[in-house]
Amino acid sequence: MILYGRDMSPFARRVAIWCALQDRPIERRQLLVSGPEWDEIKKVNPMGRVPALVLDDGDVLVETSAIFDYLEETAPEGKNLIPAAGLERRKALQDMAYATATAEKIVALVYDKVRRPESYHYPAWIERLEGQIISGLVEMDGRVPAEGWMSGQDGPGGADIATICAFEMAAIVFPDLDAGPLPGLMRLTIAAQAIACFPETRPNP
C-alpha cells in the first residue's frame with residue numbers, strides 16, 4: 001500500500017501509525033499539499049487532500065474514517081485497534097472524535113494564522129479557533145485514564161493514536177498556545193515514545 005501525506009498532517013500520521021501497529025508494510029509519499037507537489041496528490045485524490053491510501057489492488061481510499069474502517073475490517077487477527085461493539089466502541093469513537101475535531105481546528109489555524117498574509121488575518125476568527133483548540137486539548141486530557149492506555153489494553157488503540165497526534169501537532173505548531181496543565185496528555189505521549197512508530201513519525205517543526 002502507498003500512503004500519501006506528510007507526518008506534519010496529524011491525519012496522515014495517524015494512518016501511518018495505525019498501519020505500523022497492525023504490522024502492515026506501506027510506502028510513504030510525504031508530499032506537500034500547499035506546494036508544487038499538490039498536482040501529484042490530485043492525481044490520486046482529485047480533492048488534493050491527504051491522507052490518501054492506495055491499496056494493493058489500486059483502489060484509493062480517502063478521509064481517515066474510511067481508511068480506518070478498511071484497516072479495521074481487514075485487520076490481522078488480534079490487531080484491531082477499535083473495539084468491535086458496545087460501550088467500549090462508543091467510547092473509543094468519541095475519544096477519536098474529540099481528537100479529530102481538535103486536529104481539524106489546528107489545521108484551520110495553520111491556514112488562517114500561518115499561511116494567510118498578516119494583512120488578511122481575522123483576529124476574532126483566530127481567537128475563536130484558538131479557544132476551540134484549547135477546549136479540545138482540555139477535554140482530551142480529561143479522557144486519558146490515570147494509568148495505562150485509552151484502549152484499556154496492553155498497547156495503544158485508535159483513540160490513543162488520534163489523541164497523541166492531535167496533542168503533538170498543537171505542541172509543535174503552536175507551542176505558545178496555553179491550555180494549562182495537561183498531565184494526562186503528557187503521560188500518554190511519553191509512554192508512546194517507547195513504541196517506535198510514534199517517535200519515528202513525529203514531525204519536525
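Visitor: Which residues line the largest cavity?

Guide: The largest cavity has Asp7, Met8, Ser9, Pro10, Arg13, Cys165, Glu168, Met169, Ile172 and Pro203 as its lining. This is a predicted model, where local features need pLDDT of at least 70, side-chain atom pairs count only at pLDDT 80 or more, and totals for chains, interfaces and linings use all residues. Residues are numbered from 1 along each chain as its sequence is written, and side-chain values use heavy atoms, with hydrogens and water left out.

Visitor: What is a cavity, and how many of 30 Å³ or more does the structure hold?

Guide: Rolling a probe the size of a water molecule over the atoms shows where empty space is left. On a 1 Å grid over the protein atoms alone, a cavity is a set of points where a 1.4 Å probe fits but cannot get out; a pocket is an open set with protein on both sides within 12 Å along at least five of seven lines, and lining residues have an atom within 4 Å of a point. Grid points are joined across faces, edges and corners, and a volume is the space filled by probe spheres set on the points. Here there is 1 cavity of 30 Å³ or more, and the largest cavity holds about 40 Å³ of space. H6 gives the most to its lining, with 4 residues.

Visitor: Is aspartate 7 buried or exposed?

Guide: Aspartate 7 is buried, with a relative accessible area of 10%; buried means under 20%, exposed over 50%, and partly exposed in between (1.4 Å probe, protein chains only). It lies in the loop between strand E1 (2–4) and helix H1 (10–21). Helices (H or I, at least four residues) and strands (E, at least two) are DSSP runs, numbered from the N terminus.

Visitor: With which side chain does the side chain of aspartate 7 make a polar contact?

Guide: Its partner is the side chain of arginine 28, at 2.9 Å. A polar contact is a pair of N or O atoms within 3.5 Å; within protein, one must be able to donate a hydrogen and the other to accept it, and residues adjacent in sequence count only if both atoms are side-chain atoms.

Visitor: Where is glutamate 168, and what is it in contact with?

Guide: Glutamate 168 sits in helix H6 and is buried, at a relative accessible area of 4%. Leaving aside neighbours within four places in sequence, glutamate 168 is in contact (heavy atoms within 4.5 Å) with Arg13, Thr189, Gln193 and Arg202.

Visitor: Which residues are buried in helix H3?

Guide: An α-helix has 3.6 residues a turn, so residues three or four places apart point the same way. In H3 (residues 64–73), Thr64, Ile67, Phe68, Leu71 and Glu72 are buried. Seen down the helix axis, they fall within an arc of 130 degrees, so they line one face of H3; the arc is that of the directions from the axis to the C-beta atoms. Exposed Ser65, Asp69 and Glu73 are on the face turned away.

Visitor: Which residues have the most contacts inside the largest nonpolar core?

Guide: In soluble globular proteins, nonpolar side chains tend to be buried together. A nonpolar core is a set of buried Ala, Val, Leu, Ile, Met, Phe, Trp, Tyr and Cys residues joined through side-chain atoms within 4.5 Å. The largest one has 50 residues, and Trp18, Leu71, Leu137 and Ile161 have the most contacts inside it. H6 gives the most to this core, with 9 residues.
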